[in-house]
Amino acid sequence: MNYQDTLDNQFTLAHEMGHALHSYFSRKHQPPINAHYVIFVAEVASTCNEVLLMRHLLAKTQDKRERAYLINHFMEQFRTTLYRQTMFAEFEMMMNSMAERGDSLTADALSKAYYELNCKYYGDAITVDREIAYEWARIPHFFYNFYVFQYATGFSAAVAIANKILSEGQGAVDAYLRFLSSGGSQDPISLLKIAGVDMTTAQPVEDALKLFGELICEMEELLR
């Protein structure tokens with residue numbers, strides 16, 4: 001990558017290293033037929049690295065301005081990955097439901113639905129620009145088959161794994177390495193259970209949202 005020594009570049013490097021290690025361990029320990037992991041777990045290693053990096057940077061400083069800068073970066077990751085991608089998934093489902101009912105998928109109808117979803121997700125606390133109604137037209141993921149929700153589930157799983165590594169130590173690290181080494185040898189839910197995360201429950205998402213709430217509270221304190 002064209003590394004420029006910025007915070008974004010630092011997180012990009014950590015992110016892509018997660019993908020690289022996931023691929024390396026999977027190909028090292030699995031036969032070719034099982035070496036490729038599916039999209040449901042594809043963003044777990046990359047975002048787990050980002051969460052670990054963020055927790056490391058926050059642990060190194062008590063400077064209010066620096067912590068506020070880092071926390072803002074972390075909260076934006078929650079907003080864009082956990083909330084926004086869920087909104088995208090709801091729009092994708094709405095769009096497909098319209099087609100199943102035989103409704104016309106006109107630009108006006110899709111823009112109206114997308115604008116109303118933005119108002120629903122962001123609420124009265126911000127001004128939702130009218131122009132956001134047209135953003136759906138530039139999102140290529142909507143032309144895939146229900147893909148975007150996996151960003152939110154993957155990020156929730158990554159937060160859960162990072163928390164386990166930081167709180168439980170080597171045992172959690174060993175379990176995580178077994179997950180990285182498993183490729184596509186099992187279904188993705190079973191693979192994540194190897195790392196100690198059960199995505200058949202709401203717990204990973206609730207824990208991620210709990211951390212987001214804690215970050216908001218600290219940011220409010222820092223800005224006083």
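Visitor: What should be kept in mind about the model and its numbering?
Guide: This is a predicted model in which local features need pLDDT of at least 70 and side-chain atom pairs count only at pLDDT 80 or more, while totals for chains, interfaces and linings use all residues. Residues are numbered from 1 along each chain as its sequence is written, and side-chain values use heavy atoms, with hydrogens and water left out.

Visitor: Why is Asp 63 called partly exposed?
Guide: Buried means under 20% relative accessible area and exposed over 50%, with partly exposed in between (1.4 Å probe, protein chains only); Asp 63 has a relative accessible area of 41%, and is therefore partly exposed. Asp 63 is found in the loop between helix 3 (44–59) and helix 4 (64–101), where helices are DSSP runs of H or I with at least four residues, numbered from the N terminus.

Visitor: What makes the approach of the Asp 63 side chain to Arg 65 a polar contact?
Guide: A polar contact is a pair of N or O atoms within 3.5 Å, and within protein one must be able to donate a hydrogen and the other to accept it, while residues adjacent in sequence count only if both atoms are side-chain atoms. The side chain of Asp 63 reaches the backbone nitrogen of Arg 65 at 3.2 Å.

Visitor: How do you know whether Phe 40 is buried or exposed?
Guide: Phe 40 counts as buried because its relative accessibility is 13%, whereas Phe 149, at 34%, is partly exposed.

Visitor: What makes Arg 130 a charge over the ring of Tyr 115?
Guide: The definition asks for NZ of Lys or CZ of Arg within 6 Å of the ring centre and within 35 degrees of the ring normal; Arg 130 lies over the face of Tyr 115, at 3.8 Å from the ring centre. Tyr 115 is one of the buried residues in helix 5.

Terms used: Helices (H or I, at least four residues) and strands (E, at least two) are DSSP runs, numbered from the N terminus.
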